[in-house]
Amino acid sequence: MKKMIPERAISGTHGEVWINGEKFAEVYGLQAKVDFIKEKVPMCGVPSGQGQKYMGWEGKGTLRITKVNSRLTRKLAQQVKRGVLEPMTIVSKLADPSAYGAERVVLKRCTFDDLTLADWESGKIVQEEKPFTFTDFDLVDYIE
């Protein structure tokens, strides 16, 4: 492992997102995580009375967007009206030039959980959170 040097800390300012191959510069944040699905296993002789067995995983995420256009809203609205949510591919790239490298993750078969049609307030920049789920992922580039 390399020595910790504060200047090498990764800044989210250098993050980028693509949805179905189209760059979304209005994205200011992205979180994608895997929640582990576990089942309780009864156990004798253990103070808690149970253990846990890993049974799979569920992918969840949130895209945070500064509203500058309606392209994602329009795309999702069209899908809702047709009655079909089409899975999308989201690519996250984090490449701070002062870091030890870049990280790129491909999130596959993403579907958004809701569609915000209007949410604004006078005197404030409009920002939206777009929760989604995914069923597969690849770590394409990672920092060692």
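Predicted model: local features only at pLDDT ≥ 70, side-chain atom pairs only at ≥ 80, totals over all residues.

Reader: In what order do the elements run from the N terminus?

Author: They go β-β-β-β-α-β-β-β-β.

Reader: And which residues have the most contacts inside the largest nonpolar core?

Author: That core has 16 residues, and the ones with the most contacts inside it are Ile19, Leu63, Leu72, Ile90, Leu107, Phe112 and Phe132. At least two core residues each come from β1 (15–19), β4 (50–66), α1 (71–82), β5 (88–94), β6 (103–112) and β7 (127–134).

Reader: Which of them gives the largest share?

Author: β6, with four residues.

Reader: Back to Ile19: what is it in contact with, leaving aside neighbours within four places in sequence?

Author: Phe24, Leu63, Leu72, Met88, Thr89, Ile90 and Phe112 are in contact with Ile19.

Reader: OK, overall shape. What's the radius of gyration?

Author: The protein has 19 Å, while a compact globule of 144 residues would be near 15 Å. Along the principal axes, the C-alpha atoms fill a box of roughly 60 × 45 × 30 Å.

Reader: How much of the protein counts as buried?

Author: 22% of the 144 residues. The accessible surface is about 10000 Å², and 53% of that belongs to carbon and sulfur atoms.

Terms used
Residues numbered from 1 in each chain as written. Heavy atoms only, no water. Rg over C-alpha atoms; globule rule 2.2 N^0.38 Å. Buried < 20%, exposed > 50% of the residue type's maximum accessible area, 1.4 Å probe, protein only. Areas by Shrake-Rupley, 256 points an atom, 1.4 Å probe, with all protein chains shown as cover. Core = buried A, V, L, I, M, F, W, Y, C linked by side-chain atoms within 4.5 Å. Contact = heavy atoms within 4.5 Å.
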